[in-house]
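Please keep the viewer open as you read.

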Amino acid sequence: MNLRELSERLNLSQTTVSRALNGYPEVNEATRKRVADAATLYNYRPNIRAQRLATGRSMSVGHIIPFSKKNEMVNIVFADFITGAGEIYSRHGYNMTLSVVRDEDEIETYRTLSEQGAVDGIIVHSPTRDDPRIPFLADLDIPFLVHGRASEVTTPYSWLDVNNTRAIERGTEYLLELGHSRIGFINGQEHMDFAQRRREGYLAALRAQGVAADKTLMRSGEMSEPFGHASTVQMLDGPHPPTAFVTSSIVPALGVRRAVQERGLHMGRDISILCFDDDISYLPNGLETPVFTAMRSSVRAAGRRCAQILMEQIASGSGGVRTELWDAELIVGQSTGPGPQRT
């Protein structure tokens, strides 16, 4: 089906349909949804070549991954984000340009993509607290959006983030309410902004309850299953082992569970586990009943929303800053139970 045929079915002008599919802000949400639903129903695919000629755009969005973060390519969280974003790109007739480059070439790659007109916009992943990419991209005057935030960057920029501090603070509060006072914390790499915020949430919850922070119960590193396992073994071998764990992802939580089971302990009875990020398509947290108690936030939904905001910015041609902060939801599963003083 072509644009004319789709327009006739909807009894709308071709211009309105095209603008609705490409995220122009002047098209109201009801019309945008009606057009998007019809495009899906009738399997409409825009003529990319014609769009490029008509708009002068590349019809592509850039995602750049440096070699040092190449594991992102097989990271299920990153994959879920890209899948969500890809759904929106496809709906708008956009392609994705995914580049893996040497770390020292990352900044120059942004410049090259912009100067060559190879992409119409960029999504930035895994920001650090003082991320140099953000002011650089702002100077390039190309639409871009950051998935996450960079706390120490003063340049205005568009971002979408989950409230990491409050999420881990609430999760830790929940374990404290259950009677746990020795709570291990297994975090991501703390040069990353999100991990710093999660540490702050963990420490804030302890302070509020008058519980002294114990550095021997805190670990940070790549959020993998082996890291979760090794960190748990180290803490359980300590003189005052924890009775509960908070992890920055469901992936290291699997490692915590393995270490607990190897000791002949029972998750939810002897050791409680709470994780962040359990809403991952390829790693479901149980079926009808959640396995892990978790702070839930859909990374696929974040990918969709980041892509939608960027599409709207590209379509409008404005440099306006857009920001969204999402809250995570506490989901109670089988992995938590009363602390020692509550049993």
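H1 and H2 are roughly perpendicular to each other, a label used for angles of 65 to 115 degrees, with under 35 degrees counting as roughly parallel, over 145 as roughly antiparallel and the rest as oblique. Their axes cross at roughly 100° and come within 9 Å. Here an axis is a line fitted to C-alpha atoms, for helices over the stretch in contact, and the angle between N-to-C directions runs from 0 to 180 degrees. Helices are DSSP runs of H or I with at least four residues, strands are runs of E with at least two, and both are numbered from the N terminus.

A word on provenance before going further. This is a predicted model, in which local features need pLDDT of at least 70 and side-chain atom pairs count only at pLDDT 80 or more, while totals for chains, interfaces and linings use all residues. Residues are numbered from 1 along each chain as its sequence is written, and side-chain values use heavy atoms, with hydrogens and water left out.

H1 brings Leu3, Arg4, Leu6, Ser7 and Leu10 to the contact, and H2 brings Gln14, Val17, Ser18 and Leu21, where contact means heavy atoms within 4.5 Å. By class, these residues are five nonpolar, three polar and one charged. The nonpolar class holds Ala, Val, Leu, Ile, Met, Phe, Trp, Tyr, Cys and Pro, the charged class holds Asp, Glu, Lys and Arg, and the others, Gly among them, are polar.

Ser7 sits in helix H1, which covers residues 3-10, and counts as buried at 3% relative accessibility. Buried means under 20% relative accessible area, exposed means over 50%, and partly exposed is in between, with a 1.4 Å probe and protein chains only. Apart from neighbours within four places in sequence, Ser7 is in contact with Leu12, Ser13, Gln14 and Val17.

H2 (residues 14-21) also packs against H3 (residues 29-41), at an angle of about 90° and with the axes 9 Å apart. That makes H2 roughly perpendicular to H3. Thr16, Val17, Ala20 and Leu21 of H2 meet Thr31, Arg32, Val35 and Ala39 of H3. This contact has five nonpolar, two polar and one charged residues.

How do H5 and H12 pack, and at what angle? H5 (residues 76-91) and H12 (residues 299-316) pack at about 40°, with their axes 7 Å apart. That angle makes H5 oblique to H12. The contact is made by Val77, Asp80, Phe81, Thr83, Gly84, Ala85, Glu87, Ile88 and Tyr89 of H5, together with Val299, Arg300, Ala302, Gly303, Arg304, Cys306, Ala307, Gln308 and Met311 of H12. Those residues divide into ten nonpolar, four polar and four charged.

## Salt bridges

Side chains of opposite charge can pair when their charged atoms come close. A salt bridge here is a side-chain nitrogen of Lys or Arg within 4 Å of a carboxyl oxygen of Asp or Glu, and by this rule the count comes to 26. Three of these pairs are set out below.

| Asp161 | Arg149 | 2.9 Å |

Glu312 counts as buried at 16% relative accessibility, whereas Arg322 counts as partly exposed at 29%.

Asp193 and Arg197 both belong to helix H9 (residues 193-208), four residues apart, about one turn of the helix. Asp193 is buried with a relative accessible area of 0%, and Arg197 counts as buried at 13%. Asp161 and Arg149 are both buried too.

## Backbone details

Which phi does Met59 have? Met59 has a positive phi of about 60° although it is not a glycine. The loop between helix H4 (48-55) and strand S1 (60-66) holds Met59, which counts as buried at 1% relative accessibility.

Asp141, not a glycine either, has a positive phi of about 60°. Asp141 lies in the loop between helix H7 (133-140) and S4, and counts as exposed at 71% relative accessibility.
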